[in-house]
Amino acid sequence: MAHPISQETPRQDRYFIAVVLAFTAITYLNTLRFAFVYDDNGQIGENPFIKSWRYVPQYFVSSVWKHMVPFAVGNYYRPLFLVWLRVNYALFQMRPLGWHVTTVLLHLLVTWLVYLVVRQMTQRPSLAWLTALIFGVHPIHHEVVAWVSGSTESLFTVFFLSAFLAYSHSRERRRTLWMALSCGFYALALLSKETAIVLPVLAFTHCWIAGRSDAAPEASEFACRFRRAAASVAAYIPVALIYLALRYKILSGFSHPLRNASASAWLLTLPSIVFFYIKNWFYPIRLSEFYDLFYQVRPNFAHVILPALAVLAIAVAVWIFRGRLGFRDAGYAAAWIVIPLLPAMDTFVFRVDELVHDRYFYLPSLGAALLIAMLIEAIAKKGARVFGQPLRLVVTALVLAVVLALCTVRATRYWVGDYTLFTRAHEIAPRNFRAQENLGAALILRGEIDQGQAMLEDAFQKWPGEWEVAFNLGRVQYFKKQYAKAEEYTRQAFALNPNYPDSYVLLGQIQLRGNHPHEALESMRRAVELNPYSPQFRMVYGTVLEVNGDCPGAMIQRRTALALAPGDFFAQREMLRCGAPATPASALAVHPAQ
């Protein structure tokens, strides 16, 4: 089906995308006042590796969370994301404003690249700016843009879209140069987030769809299209293999399942997962960081059959109307939805209460936005024109953008702080362990000890096998100076997870308060063995060593803490204890293997 050529001039084209970017920026302006929340505290505030350039080489030989659980197996090898954190820390230190500015700028860059990719694929400028507008302001991106740690999605998407754009140009001219550039961006995308691995599949599918003829295909045409598509993506294969080998070496495997789930449970849950993303795309009202979506172990109407029927009905509707939308462009939209979403279907590497997150639909939403844009253009393409565009199209786009922007402002406002974030999460997902446990911890940090304790005790009754609840209950009792009860909960946390270093730190503090300095020394020694990269652990260890009369050992730990956290006032002050002068942090270096 032929599409009418847009009548706007290149200058008008630039005006439209400029308006789209400005509107998107205004939509997320409120996020600039937000604090660090949730994983930001661990990835930024408690991460010594991002606070010095000397640790950058270590990013490429370790998992993202090595600074907190060095000896645990990990699933996240994202060195360029750590580089991104390091650059932000060098610029802004611990001031959230700057971090949120760069997070919004990343999303604006992705929105612009969405425009370029769609224009290059479809050769329809009006479709490109409309797709970018829907993508830019859609509420489903609340996690990615309002949460600093969520920027791993937008960071890898920048490289992913750049790689695809270079690949697309390689089909027209200077193939070797453009494909070399595409492979380079592909490598950067992989080093930002592992889900970029699907780019060759997407490029293959694009080439296959682009090679489709309007006539009835013959067997020879299928074979020719397959060879052409395979040849177009062959250059990606060595890059993918090198990345996979590197990942396998560093993480001791491609991935590590967190919980055992049967294949049948996965299959039964799949319809609910797919329908979840469809629902949140078309009805982005009750969005949250956590949701009550769990594995299904037997067929049932509400969570298996009904979602499967809904997904099937939508797929059939797209198939039926693909002719009106344009066979190729409808195929592109479907490919951009399905293929980038495939890694999120590997739920075996997720916690059982975190099978879905809105951020997993960030890149797939390009396809969803393209599909919606095609529907709008098909309905509103006739009538009077303004700036080379149908007036009805412009008005429809404006109304939709305002509605989506208002929903986005509402969705992002909960990310202002931990308490609002987890209160919202517990409201939306009352059966989710992670939401309730985090809300209990947030209440404790707000000084609402009794409310937090009640929340955690309720969680402990519901989920007795979760060590985090036992640990946090131990903290509550420690704050309340109930040291015997605190030790009881902490030892329960040990029994459930003997390799979590924070539990040993808490136990050491309890033992110190209880006049058992020798036992506290053993606890702190074990904590530092499990995590040698925490300056806080080193400081506590130094205090325990001093109490036990080992001033030289205490000074070693304090020097190490200063090397991990240069300029820390508390560490510098503690260096004056035991009668020793402070040593400049610049003269110290801590090797990650220490």
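The questions below concern a predicted model.

Q: Why is the pair formed by the rings of Tyr186 and Tyr236 called edge-to-face?
A: A search of the whole structure finds 30 aromatic pairs. In the case of Tyr186 and Tyr236, the ring centres are 5.3 Å apart and the planes stand at 70 degrees. Rings pair if their centres lie within 6.5 Å, and planes over 60 degrees apart count as edge-to-face. The pair is therefore edge-to-face.

Q: What makes the pair of Tyr186 and Tyr236 a link between distant parts of the chain?
A: Tyr186 belongs to helix α9 (residues 175-192), whereas Tyr236 belongs to helix α12 (residues 236-251). The two residues are 50 residues apart.

Q: Which residues form one aromatic cluster?
A: The cluster consists of Tyr38, Trp147, Phe290, Trp415 and Phe422.

Q: How do you know that the charged end of Arg446 sits over the ring of Tyr419?
A: The charged end of Arg446 is 3.8 Å from the centre of the Tyr419 ring. The criterion asks for a distance within 6 Å of the ring centre and a position within 35 degrees of the ring normal. Arg446 is assigned to this class over Tyr419.

Q: What is the distance of Arg225 from the ring centre of Trp208?
A: Arg225 lies over the face of Trp208, and the distance is 4.2 Å. The distance limit for such a contact is 6 Å.

Q: Where does Arg228 lie, and why does Arg228 count as partly exposed?
A: Arg228 is part of helix α11 (residues 219-233). The relative accessibility of Arg228 is 42%, so the residue counts as partly exposed. Arg228 and Trp208 are 20 residues apart in sequence, with a C-alpha to C-alpha separation of 7.9 Å.

Q: How do you know that the length of helix α18 agrees with its number of residues?
A: Helix α18 (residues 391-412) has 22 residues, and at 1.5 Å a residue these should span 32 Å. The expected span is 1.5 Å times one less than the number of residues. The end C-alpha atoms of α18 are 31 Å apart, which agrees. Among the buried residues of α18 are Leu393, Ala397, Ala401, Leu404 and Ala405.

Q: Why is the span of helix α8 said to agree, and what makes this helix mostly covered?
A: The 20 residues of α8 (residues 151-170) should span 28 Å at 1.5 Å a residue, and the end C-alpha atoms are 29 Å apart, which agrees. As to cover, 20 of the 20 residues of α8 are buried.

Q: Why does Ser252 count as exposed?
A: Exposed means over 50% relative accessible area. Ser252 has 54% relative accessibility and therefore counts as exposed. Ser252 is located in the loop between α12 and α13, and has a positive phi of about 55 degrees although it is not a glycine.

Q: Why is Asn515 called exposed?
A: Asn515 has a relative accessible area of 66%, so Asn515 is exposed. The loop between α24 (501-513) and α25 (517-530) holds Asn515. Its positive phi is about 70 degrees, although Asn515 is not a glycine.

Q: Why do Ile209 and Phe275 count as they do?
A: Ile209, in helix α10, has 12% relative accessibility and so counts as buried. Phe275, in helix α13, has 29% and so counts as partly exposed.

Q: How many residues line the second largest pocket, and how do they divide?
A: About 1,000 Å³ of space lies in this pocket. Its lining has 35 residues, and those closest to its centre are Ala315, Val318, Ala334, Ile337 and Val338. The lining comprises 31 nonpolar, 1 polar and 3 charged residues. Helix α14 gives the most, with 8 residues.

Conventions: Residues are numbered from 1 along each chain as its sequence is written. This is a predicted model: local features need pLDDT of at least 70, side-chain atom pairs count only at pLDDT 80 or more; totals for chains, interfaces and linings use all residues. Side-chain values use heavy atoms; hydrogens and water are left out. On a 1 Å grid over the protein atoms alone, a cavity is a set of points where a 1.4 Å probe fits but cannot get out, and a pocket is an open set with protein on both sides within 12 Å along at least five of seven lines; lining residues have an atom within 4 Å of a point. Grid points are joined across faces, edges and corners, and a volume is the space filled by probe spheres set on the points. Helices (H or I, at least four residues) and strands (E, at least two) are DSSP runs, numbered from the N terminus. Ala, Val, Leu, Ile, Met, Phe, Trp, Tyr, Cys and Pro count as nonpolar, Asp, Glu, Lys and Arg as charged, and the others, Gly among them, as polar. Buried means under 20% relative accessible area, exposed over 50%, partly exposed in between (1.4 Å probe, protein chains only). Rings of Phe, Tyr and Trp (its six-membered ring) pair if their centres lie within 6.5 Å; planes under 30 degrees apart count as stacked, over 60 as edge-to-face and the rest as tilted.
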